[in-house]
Amino acid sequence: MMKMSIAEAAGSLGQEIPFAYQTTAEDLGATGEDFSFVGEISVRGSLVYTGVCYRVFGEIKAVKAFACDRCLKDCEEEQVLSFEEEFQKAGEENPEGLMVDGDYVDITDMIRDTVLAAQSLSNLCRPDCKGLCPVCGADLNEGDCGCDRFVPDPRLAALQQLINKED
């Protein structure tokens with residue numbers, strides 16, 4: 001768990017109190033079916049009491065491992081994610097916002113949500129990945145294989161049958 005005491009921050013209005021945590025994706029609950037994180041996830045940031053709320057901000061560093069969706073190569077990608085959130089003590093003004101848990105601010109759920117929300121729906125080794133040849137399975141990023149990959153438009157299949165009958 002990533003909990004910070006608010007006692008020091010509450011006594012010094014506007015002063016940034018730095019924090020740093022090392023955790024794993026498993027401890028955070030930030031695991032996926034088609035990706036994983038290599039090593040530890042580093043969380044660094046600051047806690048500030050603004051007089052109204054406790055503001056938490058910083059960055060998360062992680063290394064994501066995945067297989068490219070197009071060419072199936074194993075890849076790693078370093079990610080640096082920013083986060084910023086405000087926590088308030090429970091009261092009538094903030095019945096549903098992020099709450100201070102007693103004398104602590106727990107940022108574990110916020111960090112997990114930030115990491116998971118930053119993951120793209122498609123895992124690509126690079127934006128212009130050409131993938132694999134559907135005929136022979138060659139990696140098209142390494143060069144053209146020479147296979148005929150022409151796929152006719154199925155809406156014109158009837159027209160193609162007429163052309164074939166005339167030949």
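Contact here means heavy atoms within 4.5 Å. By that criterion, threonine 24 touches Glu40 and Ile41, with residues up to four places away in sequence not counted. The model is a predicted one.

Threonine 24 lies in the loop between strand E2 and helix H2, which spans residues 25-28. Its relative accessibility is 21%. The residue therefore counts as partly exposed, because buried means under 20% relative accessible area. Threonine 24 was also compared in position with aspartate 74. The two are 50 residues apart in sequence. Their C-alpha atoms are 20 Å apart in space.

Strand E2 pairs with strand E3, residues 35-49, in the antiparallel sense. Seven bridges link E2 and E3. Phenylalanine 19 stands opposite glycine 45 in E3. Tyrosine 21 has valine 43 of E3 as its bridge partner. Both phenylalanine 19 and tyrosine 21 belong to the covered face of E2, together with Ile17 and Thr23. The uncovered face of E2 carries Pro18, Ala20 and Gln22.

Threonine 108 has its place in helix H3. Its relative accessible area is 13%. Threonine 108 is therefore buried, since the cut-off for that class is under 20%. Neighbours within four places in sequence aside, threonine 108 is in contact with Met1, Met2 and Leu28.

Leu156, Leu159, Leu162 and Ile163 make a nonpolar surface patch of about 380 Å². Leucine 159 is found in helix H4, which covers residues 157-166. The relative accessible area of leucine 159 is 49%. Leucine 159 is thus partly exposed, because exposed requires a value over 50%. Patch membership asks for over 30% relative accessible area, and leucine 159 has 49%.

Terms used. Residues are numbered from 1 along each chain as its sequence is written. This is a predicted model: local features need pLDDT of at least 70, side-chain atom pairs count only at pLDDT 80 or more; totals for chains, interfaces and linings use all residues. Side-chain values use heavy atoms; hydrogens and water are left out. Patches are made of residues with over 30% relative accessible area and no salt bridge: like charges are joined within 9 Å, nonpolar side chains (Val, Leu, Ile, Met, Phe, Trp, Tyr) within 5 Å. Accessible areas come from the Shrake-Rupley method with a 1.4 Å probe; for residues, only the protein chains shown count as cover. A salt bridge is a side-chain nitrogen of Lys or Arg within 4 Å of a carboxyl oxygen of Asp or Glu. Helices (H or I, at least four residues) and strands (E, at least two) are DSSP runs, numbered from the N terminus. Buried means under 20% relative accessible area, exposed over 50%, partly exposed in between (1.4 Å probe, protein chains only). Two strands pair if DSSP finds at least two bridges between them.
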